[in-house]
Amino acid sequence: MRMVELIEKKRNGKELTPQEIRFIIQGYVRNEIPDYQIAAWTMAVYFQGMTVKETAELTLAMAESGDQLDLSIPGRIFVDKHSSGGVGDKTTLIVAPMVAACGVPIAKMSGRGLGHTGGTIDKLSAIPGFQVELTEKKFLQQVQTIGLSVIAQTGSVVPADKKLYALRDVTATVDTIPLIASSIMSKKIAAGAQGIVLDVKYGSGAFMATLAEATKLADIMVGIGKNLNREMVAVLSDMSQPLGNAVGNAIEVLEAVDCLQGHGPADLMEVCMELGSWMLVLGKKADSTQDASIMLHEAIRTGKAFDKFLEFVRAQGGNERLVSKKELPLAPIKIAYCADKTGYIQHIDARTIGTLAMHLGAGRETKDSPIDLGSGVYLLKKTGDAIQAGEPVCYLYTSSPEKTPLALEKAAEAITLGDVRPYYQKLVSTVIR
Ligand code: URA
């Protein structure tokens with residue numbers, strides 16, 4: 001088999017066989033196929049797509065490219081979650097301790113930021129001392145003792161995705177259904193949980209622009225999981241404006257603490273409750289999402305969810321005191337972006353806010369560039385809110401004064417004001433099982 005022929009075959013819109021897909025993935029992981037040929041192939045996939053059969057084969061080949069965790073502990077059902085990526089999406093930081101506090105163990109591997117979207121691992125890294133890298137043994141031990149661990153994907157689990165993810169990020173081949181579906185599902189399959197809740201986003205801040213595309217992505221991922229005997233649920237939600245008020249890293253951890261203490265923003269809590277409820281149902285701790293939701297609210301009211309978060313931070317070496325006192329350092333320069341007229345917020349464009357947060361220092365410009373963990377955006381208003389001329393719409397945090405002029409320009413581009421209150425848009429639209 002020759003890679004150039006497989007690129008040509010995909011470029012011409014033909015279906016690849018399972019053997020051909022395995023040849024590509026194994027060759028890439030063993031460094032026998034160079035980045036430039038894989039980049040050409042992913043671009044061919046971007047334009048020609050893949051059949052459901054090819055996508056399922058690609059997922060399996062990727063899942064089998066490295067170690068697979070064994071989470072089969074008698075009497076315990078592990079449930080995992082994964083977001084397809086968004087702006088201000090700190091749901092793992094809230095849902096994981098809530099669900100673990102209700103008795104469903106969570107052993108989760110998360111990612112770093114991709115494109116304009118943030119990543120859970122970068123957010124956790126904003127807690128001084130927090131270790132995002134644990135050995136598999138320590139990771140599993142922690143789950144046994146406290147019921148919760150979240151770590152960065154180790155190099156030995158789905159190495160194919162590690163390489164492909166970084167390559168796609170810099171070759172404009174992220175937002176295509178077969179590559180997103182195989183990237184997410186290969187990691188979930190290799191991570192070993194029996195139940196998987198997918199948080200699939202659509203809108204400007206997501207990789208899928210429309211509900212129709214997100215539904216297609218969700219259907220494919222649910223189908224792949226079910227074929228491999230996983231219990232699957234996909235929750236589809238709107239990502240046209242950022243989720244919650246905070247976008248960045250430390251600033252999102254602080255917002256997650258607010259949520260766990262019972263005063264999180266309504267939109268963020270709605271998505272967290274939906275995801276968490278399904279996780280309790282798949283974990284067989286609740287018979288219905290209604291019962292599960294009552295359990296989750298109770299875990300917050302009694303402080304158990306927040307205690308679980310602190311226990312988790314402590315177990316992974318993080319500074320628990322700074323978290324509980326909400327004293328994580330933010331970047332020193334804070335500027336307000338203010339409304340130039342009185343009216344209503346018509347729209348806050350999630351993608352532009354994501355790009356703005358990256359510009360302030362919260363995301364990576366290149367694969368290896370450092371992050372300014374204290375930088376980011378805090379929205380004081382959301383779509384539909386009334387505002388007076390001169391009132392701040394958001395605060396921008398950065399460590400680099402030279403970034404402020406462009407940041408203010410981007411804020412103006414992201415935020416649209418108008419005279420009439422816009423119609424409310426449903427946040428969680430569909431659940432696919
Ligand atoms: N999240 C992933 O893990 N992979 C993608 O390709 C997109 C979002």
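These exercises explore a predicted model.

**Exercise 1. Where is T154 found, and is T154 buried or exposed?**

Step 1. Find the loop between strand 3 (148-152) and helix 8 (159-169); T154 is found there.
Step 2. Take the relative accessibility of T154, which is 17%.
Step 3. Apply the cut-off: buried means under 20%. T154 therefore counts as buried.
Step 4. List the contacts of T154, leaving aside neighbours within four places in sequence: M109, L134 and E136.

**Exercise 2. Which helix holds K188, and which side chain does K188 join in a polar contact of 3.3 Å?**

Step 1. Look in helix 9, residues 177-191; K188 is found there.
Step 2. Check the relative accessible area of K188: at 1%, K188 is buried.
Step 3. Follow the side chain of K188 to that of H82; the polar contact of 3.3 Å joins these two.
Step 4. Look beyond neighbours within four places in sequence. K188 is in contact with several residues, including D80, H82, M109 and I196.

**Exercise 3. Which residues surround the ligand, and which helix gives the largest share of the shell?**

Step 1. Name the surrounding residues: H82, S84, L114, Y165, R168, I180, S183, I184 and K187.
Step 2. Sort them by class: four nonpolar, three polar and two charged.
Step 3. Trace the polar side-chain atoms. One in R168 lies 2.8 Å from an oxygen atom of the ligand. An N or O atom in the S183 side chain is 2.7 Å from a ligand nitrogen. For K187, such an atom is 2.5 Å from a ligand oxygen.
Step 4. Consider the area. Taken alone, the ligand exposes 240 Å², and the protein buries 97% of that.
Step 5. Assign the elements. Helix 8 and helix 9 each give two or more residues to the shell. Helix 9 gives the largest share, four residues.

Key:
Residues are numbered from 1 along each chain as its sequence is written. This is a predicted model: local features need pLDDT of at least 70, side-chain atom pairs count only at pLDDT 80 or more; totals for chains, interfaces and linings use all residues. Side-chain values use heavy atoms; hydrogens and water are left out. Buried means under 20% relative accessible area, exposed over 50%, partly exposed in between (1.4 Å probe, protein chains only). Contact means heavy atoms within 4.5 Å. A polar contact is a pair of N or O atoms within 3.5 Å; within protein, one must be able to donate a hydrogen and the other to accept it, and residues adjacent in sequence count only if both atoms are side-chain atoms. A residue is near a molecule or strand if one of its heavy atoms lies within 4 Å of it. Accessible areas come from the Shrake-Rupley method with a 1.4 Å probe; for residues, only the protein chains shown count as cover. Ala, Val, Leu, Ile, Met, Phe, Trp, Tyr, Cys and Pro count as nonpolar, Asp, Glu, Lys and Arg as charged, and the others, Gly among them, as polar.
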